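Here is a briefing on a protein model. Look over the sequence and structure, then read the points by topic.

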Amino acid sequence: MKSVEHRTVIIVGAGPGGSAAAQRLAEAGVDVLMLERRHIVGNPAQCGECIPNWGEVVGTFLHLNDHEWLKSYFDFPERLRLHRLDNMRVFLPSGKSYEFELDAFSGHRLQFDGYLADKAVRAGAELRVNTALKRLQTQTKAGRELLVTSGGRFSCDVLIDASGSLAHVARLRHGQDRAVRPEDQVPTIYAQVKGEVPETFDVFLGSVAPSGYAWIIPKGPGFANVGLGVRAGKLKGDLKGHLEQFCKDLNLEILSIGGGWIPMGGPVKRMVDGNTLAVGDAAGLVMPSNGGGISQAIISGCFAAETVIDHLEHGTPLSEYERRVRASMGPALKNSLRTKNMGYAFMRGDLMTEAILRILGPIGGIKRAMECDRPLWLI
Ligand SMILES: Cc1cc2nc3c(=O)[nH]c(=O)nc-3n(C[C@H](O)[C@H](O)[C@H](O)COP(=O)(O)OP(=O)(O)OC[C@H]3O[C@@H](n4cnc5c(N)ncnc54)[C@H](O)[C@@H]3O)c2cc1C
């Protein structure tokens, strides 16, 4: 018999959600192990690399004003801040744009994720890289579930699924069950580029990215992250070719290319499954109207850890985690999902997109959509 290592809490995935949960748990003295399939945390990066500041976070979600731990967690050091993103411009198909304020910065996701994981380890969490969860195995007699990984077999009292958009724990346990797996996975591709880049976070809507958007996020003088997220099947040909053409049109030289899936279907129906809590992308917590998910991953990771601490100390049910997530992030995510669905339904072709945005732009509708406020047409 191969040995089984038992831990109090195991976290699958060392992205922002996993690292925030691990740090919060370790600081409370809970035994916690993070399993990460990558060799280097955060590598390869899969991101536009726009990271929100605390001001943006408390302005979007509820019940966070007095949360001192999260407030200080979002106080990221200057060395991670490559470029201030104080403004966003949204471009219509005609080239006309609307501009509004933003409270964010751009960074290198590789550095950012590494910094968060380091903090968790310094707080006392254990991190094992190169260790991928492969299978879940039920041992009926022993009444436990084993995590079979590329680095050995484990069991735990509580499992946190922080494995990102493809929600590996839910997939291994329930296959395609829509109650626990994030939906509407949008293929997204990005490039690190050099050339003449704007000062602002620029978003482009219309046929350049049908049912999605293209972006330029400046990362400092002469450098930017340029990307394209398009609903599956909406753009003929391969996404990489479209991104290359987009960069060529802007006279930007591509240095490297990456990509990933963004779950745009809103929160999963069930975030707690027995002893397992899904956080971040694995729980479908990305903003469907803008694809941002870093802050929700951190907040949900923190809420998951706090619920586990209460569970271990006072027997609080793990379902409390889902209640807190929905109370804080539910309204913004719901608005964002409505906006995305409206976009899918009405913004078909450049003419329609231009017409709708020309009506919404001057009355603040585009800003509301990007900030996940209730869409204007529902007020
Ligand atoms: C191209 C792109 C651009 C984006 N741009 C932005 C942006 O600019 N701003 C923003 O806020 N959000 C953006 N997002 C979304 C953001 O990246 C995610 O919402 C965020 O990373 C979610 O964090 P997480 O911790 O839940 O998951 P992840 O960051 O995805 O971390 C999951 C971790 O789990 C590991 N893992 C997966 N499976 C296993 C396994 N079986 N065993 C062990 N480890 C495993 C992975 O290697 C990974 O390290 C973008 C996403 C994409 C794809």
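**Sheet, domains and a helix pair**

Strand β4 (residues 83-91) and strand β5 (residues 97-106) run antiparallel and are joined by 8 bridges. Strands are DSSP E runs of at least two residues, helices are H or I runs of at least four, and both are numbered from the N terminus. Two strands pair if DSSP finds at least two bridges between them. The model is predicted: local features need pLDDT of at least 70, side-chain atom pairs count only at pLDDT 80 or more, and totals for chains, interfaces and linings use all residues. Residues are numbered from 1 along each chain as its sequence is written.

**Around β4**
- M88 stands opposite F100 in β5.
- β4 and β5 form a hairpin with 5 residues between them. G95, in the turn, has a positive phi of about 105 degrees.
- β4 also runs parallel to strand β11 (residues 201-204), with 4 bridges joining them. There, F201 is the bridge partner of M88.

**The whole sheet**
- 8 strands form an open sheet, ordered β3-β5-β4-β11-β12-β13-β10-β14, with mixed pairing.
- β3 and β14 (253-263) are the edge strands, and each pairs on one side only.
- Neighbouring strands are turned by 30 degrees against each other on average, direction ignored.
- Strand β10 (residues 185-194) and strand β13 (residues 223-230) run antiparallel, joined by 7 bridges. Q192 has N225 in β13 as its bridge partner.

**Two domains**
- The domain assignment gives domain 1 (4-82 + 107-184 + 264-337) and domain 2 (85-105 + 186-262 + 352-378). Such bounds come from an automatic or database assignment.
- The C-alpha centres of the two domains lie 27 Å apart.
- The contact takes 27 residues from domain 1 and 27 residues from domain 2. Residues are in contact if their C-beta atoms, placed from the backbone, lie within 7 Å.
- On the domain 1 side, β3 (50-52), α2 (54-60) and α8 (319-346) each supply at least two residues.
- By class, that side of domain 1 has 11 nonpolar, 12 polar and 4 charged residues. Ala, Val, Leu, Ile, Met, Phe, Trp, Tyr, Cys and Pro count as nonpolar, Asp, Glu, Lys and Arg as charged, and the others, Gly among them, as polar.

**Helices α1 and α4**
- The axes of α1 (residues 16-27) and α4 (residues 109-123) come within 8 Å and cross at roughly 20 degrees. Axes are lines fitted to C-alpha atoms, for helices over the stretch in contact, and angles run from 0 to 180 degrees between N-to-C directions.
- α1 and α4 are therefore roughly parallel (angles under 35 degrees).
- Contact residues include A20 and Q23 in α1, and L116 and A120 in α4.

Terms used: Parallel < 35°, antiparallel > 145°, perpendicular 65-115°, else oblique. Contact = placed C-beta atoms within 7 Å.
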